[in-house]
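Please examine the sequence and the model shown here.

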Amino acid sequence: MAKHWSVDPTEALRADGIQIAELDTSATPGFKGKKKAGQSLLAERTQVLSDLQEKLYASGRSGDSRSVLLVLQGMDTAGKGGIVRHVIGSVDPQGVDHAAFGVPTRAEKRHDFLWRIRKRLPEGGQIGVFDRSHYEDVLVARVHELVPESVWRPRYTEINAFERELVDSGITLVKVALFVSLDEQRRRLLERLNRPDKYWKFKPADIDERAYWPDYTEAYQAVVDRTSTKGAPWYVVPADHKWYARLAVTELLIDALEQLQLDWPPADFDIKEQKRRLRDE
Ligand code: ATP
């Protein structure tokens, strides 16, 4: 059990059976403390994450083909950027492969929806981060009818087959969906309009998207219902409290890395001999 948690985060946040429309986005499932305790634990746990990541990177350099892939989804302002900066930002950048997926380019549109995703899968030893992902093709694509239902509906099955392939190839998937309330989103959008250092984050279209909230909720529900599998489960993270969302994702990553039972790679040289060479220089 992770420290200060009454229920392990992998249990408390697992999507199984969750009703997203009823989710309390200001809750802190499984965590016993308040903000101060959460923040101080976060500082401690990012260090643990950083040590584990170094082991993963070292193993990759020694030929271990395993990797971890964090898939981040969430409506605008849900805090994906903050997770990338504060959680992923705490580990050695050479071991991180960050990919953000926006509106597909013309070249990308000529291919199957998984084409651009396959190109950005993490190499052995890396923590890959998908800031949005192939799930946009059953979220925004479904909500805005960018493709007919006959195209998006089979994608759930295609995604499950794809992810099974990834898991079999040694990629541990950590799929996280962040949720804020409609009110919290308004507050965050207003903050962007009130602060010159945040204007760059604001797009007028973000306000238009609010009208589709129920449709997105339904589309997210379908995602967790249809693509949360044993090998690649979804975690649903209430994100009104940024400190909680960051701590939760940190714990989920720590758990994924611990499952790999990483060790420092052994020396592939004779230590005594190398010491002798240095002594006798
Ligand atoms: P974010 O909102 O993630 O912080 P951003 O506002 O800087 O990012 P971009 O990264 O340029 O914007 O693009 C994000 C937008 O791209 C989102 O509106 C998202 O719905 C859209 N998008 C991502 N993937 C797809 C897709 N497969 N089809 C259509 N739109 C997509």
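The points below concern a helix and then a sheet.

This is a predicted model, in which local features need pLDDT of at least 70, side-chain atom pairs count only at pLDDT 80 or more, and totals for chains, interfaces and linings use all residues. Residues are numbered from 1 along each chain as its sequence is written, and side-chain values use heavy atoms, with hydrogens and water left out.

**Helix H8**
- Helices (H or I, at least four residues) and strands (E, at least two) are DSSP runs, numbered from the N terminus.
- Arg155, Tyr156, Ile159, Asn160, Phe162, Glu163 and Leu166 of H8 are buried (under 20% relative accessible area, 1.4 Å probe, protein chains only).
- These residues lie on the same side of H8, because they cover an arc of only 165 degrees around the axis, taken from the directions from the helix axis to the C-beta atoms.
- On the other side of H8, Arg164 and Asp168 are exposed (over 50%).
- The cover over the buried residues of H8 includes helix H11 (213-227) and strand S4 (171-179).
- Gly170, with a positive phi near 100 degrees, follows H8.

**Sheet**
- Five strands form an open sheet with parallel pairing, in the order S2-S3-S1-S4-S5; two strands pair if DSSP finds at least two bridges between them.
- Strand S2 (96-100) and strand S5 (234-238) stand at the edges with a single partner strand each, so one side of each lacks a neighbour in the sheet.
- Strand S1 (residues 67-74) and S4 run parallel and are joined by eight bridges.
- Val68 stands opposite Thr172 in S4.

Note on methods
Contact = heavy atoms within 4.5 Å.
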